[in-house]
Amino acid sequence: MSNFVSRAGLQTRLASCVLALLLCGGAALYPAPAAEETGTAAVPNFAPDRSTAWIPDRPTGDDFLPPVDGPGPVMSPKDRPYVPNGRGQQSTYRIADVTNPILKPWAVEQMKKANDAVVAGKVPYITRERCWPAGVPGFTVYTRVQPIYFLQTPKVVVIVNELNAQVRHIHMNVPHSARVTPSWYGESVGRYEGDALVIDTIGLNDKTFVDNYRTPHTNQIHVVEQFKVIEEGKTLQGTVTVDDPGAFNMPWSAIQRWRRVSDRPLTEVMCAENNFDFFNYDVAPIPQADKPDF
């Protein structure tokens with residue numbers, strides 16, 4: 001859905017229905033399909049029970065981790081690191097390191113303006129705080145403390161971020177459509193490769209950012225993600241590869257990790273759509289529409 005209505009309207013009702021379906025009866029969080037269902041070897045199980053949650057494994061869990069080698073994501077400059085709340089020191093707003101060689105000149109200029117606004121004392125835009133969809137790969141660094149959940153069936157894998165009821169649908173073992181209309185989460189197709197879930201996403205619009213540093217992208221973006229359980233089931237690792245010749249000089253990769261929590265049932269956490277300009281600072285508008293676009 002590329003547009004939104006108010007909390008009292010269709011958005012809340014639809015999101016509530018989605019979460020209700022995921023939480024109740026036969027539509028509760030499923031374990032991974034068995035080998036006899038898929039006709040292949042056993043597949044990785046990201047939802048062994050209904051209360052298995054995956055929460056970012058570090059205080060800066062809404063930042064990507066760099067890859068082992070090769071071009072990586074935009075991060076903070078070394079002389080001005082991002083410090084989140086709860087670290088026992090003064091927290092900071094993010095400043096992007098615009099010297100990262102992945103960035104096209106137009107992206108650098110756009111991000112410099114955002115940096116300058118933060119330096120001037122303004123509050124930067126953060127997707128989750130303004131009720132906007134995260135997009136891909138922004139979904140993987142959407143929150144610091146809220147978990148993600150998996151619903152695995154033979155034909156569809158659903159990934160839910162508890163905060164703001166962000167939901168992705170991955171269609172399994174099918175090709176991409178011949179024509180894809182750009183949307184907030186694009187078209188994701190997936191497959192199992194051994195003990196990993198591989199997701200290929202195209203058809204994203206250019207209204208989202210790839211991270212919380214406000215790194216832009218174009219609708220040429222192509223994202224491949226690999227999700228894999230490591231460390232004897234204690235950690236979920238996501239490896240992201242991004243290719244967008246419109247915004248980046250080269251493909252780049254990043255890593256995200258979540259820790260497993262076994263007693264954290266999914267709850268409904270809707271975005272507070274009354275977060276308007278109460279303190280006289282500039283904020284991005286909350287997305288709204290007069291009518292749904294479907």
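Select Phe248 to begin: at 2% relative accessibility, Phe248 counts as buried (buried means under 20% relative accessible area, exposed over 50%, partly exposed in between, with a 1.4 Å probe and protein chains only). This is a predicted model, where local features need pLDDT of at least 70, side-chain atom pairs count only at pLDDT 80 or more, and totals for chains, interfaces and linings use all residues. Residues are numbered from 1 along each chain as its sequence is written, and side-chain values use heavy atoms, leaving out hydrogens and water.

The structure holds eight aromatic pairs (rings of Phe, Tyr and Trp, the last by its six-membered ring, with centres within 6.5 Å; planes under 30 degrees apart are stacked, over 60 edge-to-face, the rest tilted). Phe248 and Trp252 are edge-to-face, because their planes stand at 85°, with ring centres 5.7 Å apart.

Next, follow Trp252 into the strands. Trp252, in β9, is the bridge partner of Val242. Strand β9 covers residues 252-261 and pairs with β8 in the antiparallel sense, over eight bridges (two strands pair if DSSP finds at least two bridges between them).

Move on to β7, residues 222-230. It pairs with β8, residues 235-243, in the antiparallel sense over nine bridges. Select Lys228: its bridge partner in β8 is Gln237. Then look at the hairpin of β7 and β8, with four residues between the strands. There Glu231 takes a positive phi near 55°.

Select Phe46, Phe150, Phe227 and Trp258 together. Ring pairs link these four into a cluster.

Two arginines come next. Arg94 lies over the face of Tyr82, 3.7 Å from the ring centre. The charged end of Arg168 sits over the ring of Phe139, 5.6 Å from its centre. (A charge sits over a ring if NZ of Lys or CZ of Arg is within 6 Å of the ring centre and within 35 degrees of the ring normal).

Zoom out to the whole chain. There are three helices and nine strands (DSSP runs numbered from the N terminus: helices are H or I with at least four residues, strands E with at least two). Of the 294 residues, 49% count as buried.

Finish by colouring by pLDDT, the predictor's confidence in each residue, from 0 to 100. The chain's mean is 85, and 81% of its residues reach 70 or more. Over residues 1-30 the pLDDT is below 50. Residues 35-39 are also below 50. Where pLDDT is low, the predicted coordinates should not be read in detail.

Conventions: Contact means heavy atoms within 4.5 Å.
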